[in-house]
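Dear colleague,

I am handing over the structure that we spoke about, and below it you will find notes on what was found in it. Please read them with the model open beside you.

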Amino acid sequence: MVLLTTTEIDKELTKNRRLEIATFGMGCFWGPEARFGSLQGVIRTRVGYTGGTTVAPTYKTIEDHTETVEIDYDPTSISYEEILLHFWRNHYPNRDQYKGQQYVSSLRFHNQQQKLIIDLVKSEMEKELGEPIETEITPVGHFTLAEDRHQKYYLKRYPNVLDKLYWLYPSEESLINSTFAARLNGFVKGFGTRDQIVTEIESWPLPENARQQLIRQFMILKW
Ligand code: MHO
């Protein structure tokens with residue numbers, strides 16, 4: 001028996017919250033979307049292309065664009081500084097001759113405050129890394145959403161699970177915008193434990209029976 005749809009759940013989770021956006025590239029976008037999707041405070045994740053000069057890039061016509069992850073996060077729960085620590089500690093940010101602009105390390109800031117925090121954290125990270133960081137740092141510009149098959153890529157490796165969750169995700173848009181789907185995508189890639197996810201759902205501002213239903217749904221999934 002369906003108590004809440006994913007759209008209703010997501011509406012509850014974002015109610016009275018002022019979300020901010022972080023936009024960044026750290027190589028192939030599949031992995032970092034999963035990693036960031038597992039973090040508390042991260043409400044939505046999506047992947048796309050930024051930085052290039054051509055209009056409407058696709059995976060096949062990416063040209064000088066870069067694979068990019070975008071997250072909507074609640075700054076009262078995870079700070080931009082923490083996001084940057086996860087960012088720099090989980091990829092090698094300097095150019096190498098093999099991979100090219102598609103996979104370049106990049107930060108696309110949304111305002112001057114983010115830029116200020118980037119400058120501060122970057123110099124800390126350069127000490128940690130022991131060399132200058134070459135991450136491309138630019139204003140965000142246009143973000144082109146990538147094709148459906150790249151969104152929550154690891155979760156989509158489990159079509160049987162997605163079939164079971166059909167009532168939660170009647171459309172691609174609902175999957176892209178879902179916090180629960182972001183956590184599942186992280187979970188199947190090895191980020192976050194069952195216990196963490198259950199504990200987090202218990203804290204979500206939903207009616208008790210809707211929380212219990214989501215948890216039950218999660219526990220019976222076979223991966
Ligand atoms: N894993 C692929 C890259 C795909 S990513 C969306 C590869 O290693 O070729 O660029």
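Is Gly 41 buried or exposed? Gly 41 counts as buried because its relative accessibility is 7%, where buried means under 20% relative accessible area, exposed over 50% and partly exposed in between, with a 1.4 Å probe and protein chains only. This glycine lies in the loop between helix 2 (30-37) and strand 2; helices (H or I, at least four residues) and strands (E, at least two) are DSSP runs, numbered from the N terminus. Gly 41 and Leu 214 are 173 residues apart in sequence, and their C-alpha atoms are 18 Å apart in space.

Before going further, please keep in mind that this is a predicted model, in which local features need pLDDT of at least 70 and side-chain atom pairs count only at pLDDT 80 or more, whereas totals for chains, interfaces and linings use all residues. Residues are numbered from 1 along each chain as its sequence is written, and side-chain values use heavy atoms, with hydrogens and water left out.

The ligand comes next. Around the ligand stand Cys 28, Phe 29, Trp 30, Tyr 59, Glu 67, Gln 102 and Tyr 103, a residue being near a molecule if one of its heavy atoms lies within 4 Å of it. By class, this shell has five nonpolar residues, one polar and one charged; Ala, Val, Leu, Ile, Met, Phe, Trp, Tyr, Cys and Pro count as nonpolar, Asp, Glu, Lys and Arg as charged, and the others, Gly among them, as polar. A polar side-chain atom of Glu 67 lies 2.5 Å from an oxygen atom of the ligand, while for Tyr 59 the corresponding distance is 3.2 Å. In the side chain of Tyr 103, an N or O atom is 2.7 Å from an oxygen atom of the ligand. Of the 320 Å² of accessible area that the ligand has on its own, the protein covers 60%, with areas taken from the Shrake-Rupley method with a 1.4 Å probe.

A pocket here is an open set of points, on a 1 Å grid over the protein atoms alone, with protein on both sides within 12 Å along at least five of seven lines, whereas a cavity is a set of points where a 1.4 Å probe fits but cannot get out; lining residues have an atom within 4 Å of a point.

The count comes to one cavity of 30 Å³ or more, and about 40 Å³ of space lies in the largest cavity. Leu 214, already named above, lines the largest cavity together with Leu 4, Ile 9, Trp 167, Leu 206, Ala 210 and Gln 213. Helix 9 (residues 208-219) gives the largest share of this lining, three residues.

Lastly, two residues other than glycine have a positive phi. For Asn 16, phi is about 60 degrees, and this residue is found in the loop between helix 1 (6-14) and strand 1 (20-26), where it counts as exposed at 79% relative accessibility. For Ala 56, phi is near 55 degrees, and Ala 56 is exposed, with a relative accessible area of 53%.

With best wishes

Terms used
Polar contact = N/O pair within 3.5 Å; in protein donor to acceptor, adjacent residues only side chain to side chain. Points joined across faces, edges and corners; volume = space filled by probe spheres on them.
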